[in-house]
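Okay, thanks for coming, everyone. Let me put the model up and then walk you through a few spots in it.

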Amino acid sequence: MKEFTYSKNIEIRYDADVLVVGGGPAGIAAAVTAARRGMKVRLIEASTCLGGLGTAGLVPVFMQFTDGKNFLAGGFGKELIDRLREDGGLYGNTMHIKVEKLKRLYERIFEENGIEYTYHTKLIDVIKDGANATIAVCAAKSGVYAVSAKAFIDGTGDGDLCVLAGAGYSMGDSEGNTMPGTLCTLWGGIDWDRVNGPNGREPDDKYLEKAFADGVFTNEDRHLPGMWRVGEKIGGGNIGHTFGVDGTDEVSLTKAYIWGRKSILEYEKYYKEYLRGFESMELVVSAQLMGVRESRRITCDYALSVEDFKNLAVFDDEIGRYSYPIDIHIAKPDKESYDNFLKHFSMRLKHGESYGIPYRSLTPAGLDNVWVAGRCIGVTREMQASIRVMPCCYITGQAVGAAAAIAVSKGTTSRGIDVHALQADLVSAGAFLPNFH
């Protein structure tokens, strides 16, 4: 491999108390929480909107905010979902997302809280002084520049900031295999009255076996999350998988986008010819952001495990609780993989049950002023499949935003803060911490 040395003087264009990298749900919650505690916050986002997979990724629905009894994503998550419903950003009484409403709400919240941010801005390097990150090097439309900050929050979903700062990580199963991604879609022309029918809606996967026999699909992918109603004649499709995608590799991602767009044609044929009410459906757009379910898991001071899930774990440094199932999507498009998925997905908690998330799972090992939130926090593979969804991202994002604000105001490290004070702060903001006293 050829190499060369390249050097250049880079402008430190911005100074911040807290720099948040990534404007998905975790980064958003972190930025807003820190700003509301008096921090000068800057956020950089590589895409063209805030919201990550819920907006740029066209994921059509929020997963559960509650355990059936308690609202787990209290605080920022509760505020967000209440305001989105008031804005008409959820279809009817569902949690189905009207994507443009959600984009605008995020931007309005940032404006209200005085958060400075830019799109088309990607983190490319981190400069450190010992265990402290000091400068983030960014590549943007205007060129390469730097941001200095006192505290850094990784909301990238892939742990990019942490890895560039030298943190360790794990990825995939024992052989490095990851869950498949999905290129989500929006469709028009759906007759939802016929879809739902007088006797209820047929399962989207009801005729898959017949379609396989008829040669409709390239892959025999039995795992079909389905289509959600997000408008009067509009559906949001979480349909199909891009197998073998590595969300940290641009070559792998490129292949996944190409296959995702090709496979959409097969699902269009299936929905139109096999399922009721979709006969006149028409593709409006595919997502600009691949729905990557699994990538890096940052090595933190504690790795939340499946035993914690089963035992409904309680931690002294608990910053929130959550309850989504162990949702590991199929590894390969075959029946054996699908049966294995059903086995894992059946690992659910009961009504009113939840597990704790410790603060230690948000502090990357070896780094003193860096926090991580979202799907790449310190967890095992099974637990990443539970904590990766948007409501939990609000929980962890809110916690790191508050922690970073405390650390900056006290002039201490991520491990030097009073966790009891952090918990009290979160409770006062509305977080669900029933074990805090």
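**Cysteines, core and cavities**

Let's start with C162, which counts as buried at 0% relative accessibility; buried here means under 20% relative accessible area, exposed means over 50%, and partly exposed is in between, with a 1.4 Å probe and protein chains only.

Quick housekeeping. This is a predicted model, so local features need pLDDT of at least 70 and side-chain atom pairs count only at pLDDT 80 or more, while totals for chains, interfaces and linings use all residues. Residues are numbered from 1 along each chain as its sequence is written, and side-chain values use heavy atoms, with hydrogens and water left out.

Back to the cysteines. How many disulfides are there? The count is zero, taking a disulfide as a pair of cysteine sulfur atoms within 2.5 Å. For C162, the nearest cysteine sulfur is that of C376, 6.4 Å away, and that is too far for a bond. C376 is buried as well, with a relative accessible area of 0%.

Now the packing. The largest nonpolar core has 137 residues, and V18, F62, Y270 and Y271 touch the most other members. A nonpolar core, for us, is a set of buried Ala, Val, Leu, Ile, Met, Phe, Trp, Tyr and Cys residues joined through side-chain atoms within 4.5 Å. Helix α11, residues 390–410, gives the largest share of this core, 14 residues. Helices are DSSP runs of H or I with at least four residues, strands are E runs of at least two, and both are numbered from the N terminus. If you click on F62 and skip neighbours within four places in sequence, its contacts include L80, L84, M95, M390 and Y394, where contact means heavy atoms within 4.5 Å.

Then there are two leucines to look at. L58 has a positive phi of about 55° although it is not a glycine, and it is found in the loop between β2 (41–44) and α2 (76–86). L312 also has a positive phi, near 50°, and its place is the loop between α8 (306–310) and β13 (318–322). Buried or partly exposed? L58 is buried at 11%, whereas L312 is partly exposed at 26%.

Last, which residues line the second largest cavity? They are V195, R201, E202, D204, L275, R276 and F278.

Technical notes:
On a 1 Å grid over the protein atoms alone, a cavity is a set of points where a 1.4 Å probe fits but cannot get out, and a pocket is an open set with protein on both sides within 12 Å along at least five of seven lines; lining residues have an atom within 4 Å of a point.
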